[in-house]
Amino acid sequence: MAIEQFRIDDRLVHGQVVIGWGQPLGLTHLVIVDDAMVENAWEADLYRMATPPGMTLDVESVASFAAHPQPLDRHLGAGMVLTTNVDTMRRLVEAVPGIRTVTIGGLHHQPGRAPSLPYVFLSTEDIANLGALAASGVAVIAQDLPGSTPVPLGDLVAAGGV
Amino acid sequence: MTAPTLDAGPATLPFATRARMLLRLLTVQASYNYESMIGNGIAFAIEPALRRLPGGRGGEAYRAALARQSRYFNAHPYLTSIAVGALARAEADGVPPEQIERFRTACCGPLGASGDRLVWVSWLPCCALVALAAFGLGASPAIAVLTFLGLYNAGHLALRFWGLIAGWRAGLGVAAVIGLPLFRTWPDRIALASVGVAGFALPLVMARATGAAPVGVAVIAALALAGGVALHELHGRLAGWRAAMWLLGAFMLAGVLLG
């Protein structure tokens, strides 16, 4: 299975993912990488309820995903890997060689985060982690939907009011 | 962590508290904003239940929970009742704040997607088509409008009321509620019924609204049958509401052209 996108999105599985990206990319499989969710069966069950027919969902920890860099070979079609925050994606990139691009699909308001885009709010810690990703050679962009203009990390940080 | 089962635990929600929460759920979108979406509405709706936390209204637990529930939340507005019930139960059961915050986030996607399918794509167009059918069968325009408003509002009010109770009973196990046939299979059934209603109603509406000369019950019935069959065959390739809108547009164009 080809992984079409490594996406940071605090809502994880929702309409933008399963329809907005799912249809044009032909996504058949989603992987949530989240250490805490692996322990919470109810949480994974909830996200499975948001997954439409024809699309499957796995939940992995950073360690289990890294132990099997291509754990999804049994699936045909295209896939997307999702994390709920920047820190998890940074650890994933460090553990799994070969990730070239990370897309910020949605990081919404929380205490300590300031707006960079209507759908991207960043804290100083987020910016530091994204900077570390960029320094390691990963292209970081923000793009919520396929029709949106990708915004590079430099513009995101410049727009942020942290 | 294992989710609580349905009807688990001794926590109670008095009728008066439920009634307040239900009334407040009707305003859940009133404070909509791009930063927290309907987070403030969720907090407002859940607040009566938070008064029952240790320390009462204004206590530390109350204030912490209210602040937590005011944060970003986005889902279908009618199905927020399920989230409000479940979140109230989680707060009452003393679920750790971190788990509650994860639960809030996890609810957004499923409740948004399920609500879109059940309400916007199925129930709303079905009610509109039933109202059109009433008009086609001879009801006055006012009665047709009242038919739509009565049917649609009965559905969404029932959904909100039931959702609050179901969410409260399920707590963190709310995935079982979202997995009910109401959300998994009913949207398709309602959509299927909608295309049948569309096939029945639109020829009748066309005949009445255009003032065309009577073409006979048999011809109207044949048109209705053909329309129903055609729409049934298109099911799965063309959404019910979209088919209804296309046909309605064609009907209006024909009405204009035919004078």
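Colleague: How many residues of chain B are in contact with chain A?
Modeller: In this predicted model, 22 residues of chain B are in contact with 21 residues of chain A.

Colleague: Which elements of chain B give two or more residues to that side?
Modeller: Helix H5 (97-136) and helix H7 (175-178) of chain B. The largest share comes from H5(B), with 9 residues.

Colleague: And by class, what is on the side of chain B that touches chain A?
Modeller: There are 12 nonpolar residues, 7 polar and 3 charged.

Colleague: OK, domains. What does the assignment give for chain B?
Modeller: Domain 1 covers 1-116 + 124-180, and domain 2 covers 185-259. Between them, 9 residues of domain 1 of chain B are in contact with 13 residues of domain 2 of chain B.

Colleague: What classes are on the domain 1 side there?
Modeller: On the side of domain 1 of chain B that touches domain 2, 8 residues are nonpolar, 1 is polar and none is charged.

Colleague: Switching to chain A. What is the order of the strands in its sheet?
Modeller: The open sheet of chain A has 7 strands in the order E3-E2-E4-E1-E5-E8-E9, with mixed pairing.

Colleague: Which strands stand at the edges?
Modeller: Strand E3 (56-60) and strand E9 (151-152) of chain A do. Each has a single partner strand, so one side of each has no neighbour in the sheet.

Colleague: In which sense do E2 and E4 of chain A pair?
Modeller: Strand E2 (residues 27-33) and strand E4 (residues 78-83) of chain A are parallel, over 5 bridges. As for Leu27(A), its bridge partner in E4(A) is Ala78(A).

Key:
Residues are numbered from 1 along each chain as its sequence is written. Chains are lettered from A and ligands numbered from 1 in the order in which they are written. This is a predicted model: local features need pLDDT of at least 70, side-chain atom pairs count only at pLDDT 80 or more; totals for chains, interfaces and linings use all residues. Two strands pair if DSSP finds at least two bridges between them. Helices (H or I, at least four residues) and strands (E, at least two) are DSSP runs, numbered from the N terminus. Domain bounds come from an automatic or database domain assignment. Two residues are in contact if their C-beta atoms, placed from the backbone, lie within 7 Å. Ala, Val, Leu, Ile, Met, Phe, Trp, Tyr, Cys and Pro count as nonpolar, Asp, Glu, Lys and Arg as charged, and the others, Gly among them, as polar.
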